[in-house]
Amino acid sequence: MPEMDGITATKKIRELEGDVSDMPIVALTANALNGDRERMLEAGMSDYVSKPIEPSRLAAAMARQCDIDTELESVVETGEIESKELTEDQLKAFDNLSDSLDELLN
């Protein structure tokens, strides 16, 4: 990001008032050295995925943040989810996850 790094942006978001401060933030980063993951989580990020991006790892991180309980490998491969008594909000979150994965990987 040209004006600030992800850690600074995360800290600023976490300082905001209201629900926006609790939004999930998943780090997508080339920083994959020892301690990078811990440093990002300590800064307030919700999860961490290092580059090169592996679709199943990204899907798993996003699903954890959307509170989706499913077999992620089959979701990534097929783009379909088998409902395990998911709520309407969880199904909507899955649809958003699928759209985001499509954008990132295509």
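## The β-α-β unit

Strand E1 (residues 26-29), helix H2 (residues 36-42) and strand E2 (residues 47-50) form a right-handed β-α-β unit, where right-handed means that, with the strands pointing away from the viewer, the path from the first strand over the helix to the second runs clockwise. Helices (H or I, at least four residues) and strands (E, at least two) are DSSP runs, numbered from the N terminus. The model is predicted, local features need pLDDT of at least 70, and side-chain atom pairs count only at pLDDT 80 or more, whereas totals for chains, interfaces and linings use all residues. Residues are numbered from 1 along each chain as its sequence is written, and side-chain values use heavy atoms, with hydrogens and water left out.

E1 and E2 pair in the parallel sense over four bridges (pairing requires at least two DSSP bridges), and Thr-29 has Ser-50 as its bridge partner in E2. From E2, Asp-47 and Val-49 point one way while Tyr-48 and Ser-50 point the other way, and all are buried (under 20% relative accessible area, with a 1.4 Å probe and protein chains only).

Terms used:
Buried < 20%, exposed > 50% of the residue type's maximum accessible area, 1.4 Å probe, protein only.
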